[in-house]
Each structure stands twice: as structure tokens, then as C-alpha cells.
Amino acid sequence: MNKKQIVIITGASRGIGFAAAKLFLEKGNIVYNISRNNCELTGINSVICNITDGIKLKETIENIYNKEKRIDILINNAGGGISGSAEKTDLCDAKRLFDLNFFAAFEAIKYTVPYMRLQKSGKIINIGSVAGAMHVPFQAFYSASKAAIEALTNCLRTELSPFGIKVSTIMPGDTKTGFTDAREKSFEKDDADYGSRIYRSISMMEKDEKNGMSPEKVAKVIYKAAVCKNPKPAYVAGFSYNFFIFLNKVLPKQFVQFVLGKIYG
């Protein structure tokens, strides 16, 4: 990017969002964090906002535009997870996860696109997950919400292309952040019917996350998409995960789910 860009990142107070905010700031851009907590980086403009509150989110984005007179990049990063069997998951918990992971991103896009359309340019980058393509047992609603993000991205690419707005999904693999400890768990409800399977599955997954790539590596992939003139629909963060996603595309789905079941089921 050869001039200062106005960059909005949701959930930039920690983890991948924090690393992305730091990188975009270092590259000379004006960066806004929209989340429930401040981003402690000097130079970041933090706006305290629960992004699932659509009225407040719309007002926040409008205020940023009125101040800066443009919005160049929107990065929908904020998200969460719940673990447990799909059967025993409370509907209210599943809906709450989709409110955060999917509908908040949708509303951020909804309220940003009119400004990007006026300026005939803009980049929207949605943070998905490898789990959105390779569906992990006992993570049904996280995987579903991230698959929905990818579907939304692909539809928006066609809808918004005539207005000069580019849309991409970033699909990180296991990443070492506070996301692991923040994940909600529902083990107690699963004990009687699912036994030790769920403990073993979640323990293995969390071990992989805690030994995963750094958020800075994911931030570099986000930045790559942001500066690309014609960004791809999806970028996978992590070399080995690119290979896994390739195998997921070419191998029979039944075989892929069989392997995932053996590892995490």
C-alpha cells in the first residue's frame, strides 16, 4: 500500500487481531480496533463496542467514516468457540456463537459497504478457519460458523465486484492465542453418552493449538491479501494446512471424515 489506509479490525485487543493491528500500524496505516476491550498498542484507535450490538456497531462505523472520510479495509476477526457434542449443545449457545462469528461480521460488512461503494474501492477480509473446510467432531457449531463465513465471502465477491470491492477469507490452522483458553466447554453434559471421547478430542485439539503457529504468521497472510490488487477468494495460513486443504479437495469426503474421526472422534 503506497498511502495510508483506513483499516478497521474487529477484536484487535489480542491474538490474531492484535498482531494484524500491529503490522498494519507498522506499515503506516490508520488502524481502528472495534471490540469490548482496548488494544494496548500505542497508535491504535480503540472503540469499545460489543460487535453483536448492531445499532452500536453501525454507529461506530459511521463515526469512523465521518472522521476519516473513507474506509479502505475491514477485517472481520472477532470470534469465539464452543466445544461439545452437537446433540447436547444448547440452542441459545449455538445462536450466541453464530451471532459473534457470523452475524456480527455480516453486519460490519453491511454497514461498511455503502461507504466503500461511494469511493469505488475497498477490501473486506473475513477470518475463517481450516475447520470451516475440514469439519472437526465436537466443534460442530464453530466449524459451521466458519463454513458460513466462507460461503458469505464467495457470494459477496460476485455481488460487490462491480463496485471495486474485493472480498477474501483467511483460513488459519492451529494458532497459539488466548482463543484456546477462552473456548466454552460443555463436557459435563456429554459424560454419560459420549464418555472419554470428547475429553480426548478436545485435549488433542487444544494441544495442537498451543503448539500452533504464531498470530504474527497469520497477520502476514492477512496483510498479503490486503495489499494484493486482485486477492484470491481464500488464503490458508500455515504451509502444512495448505497441503491438508488440498487433500480435502481431492480425496473423497467420506475418507477425509473417516481420518478426522480417527484423530479427533
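C92 counts as exposed, at 52% relative accessibility; exposed means over 50% relative accessible area, buried under 20%, and partly exposed in between (1.4 Å probe, protein chains only). The model is predicted: local features need pLDDT of at least 70, side-chain atom pairs count only at pLDDT 80 or more, and totals for chains, interfaces and linings use all residues. Residues are numbered from 1 along each chain as its sequence is written, and side-chain values use heavy atoms, with hydrogens and water left out.

| Residue | Relative accessibility | Class |
|---|---|---|
| C92 | 52% | exposed |
| C155 | 46% | partly exposed |
| F246 | 48% | partly exposed |

With a disulfide taken as a pair of cysteine sulfur atoms within 2.5 Å, the count is zero.

Ten helices and nine strands form the secondary structure of the protein; both are DSSP runs numbered from the N terminus, helices being H or I with at least four residues and strands E with at least two. Of the 265 residues, 49% are buried.

F246 lies in helix α9. Together with V250, L251, F255, F258 and V259, F246 makes a nonpolar surface patch of about 540 Å². Areas come from the Shrake-Rupley method with a 1.4 Å probe, and for residues only the protein chains shown count as cover. Helices α9 (239-250) and α10 (253-264) each supply at least two patch residues, and α10 gives the largest share, three residues.

Technical notes: Patch = residues over 30% accessible without salt bridge, like charges linked within 9 Å, V, L, I, M, F, W, Y side chains within 5 Å. Salt bridge = Lys/Arg side-chain N within 4 Å of Asp/Glu carboxyl O.
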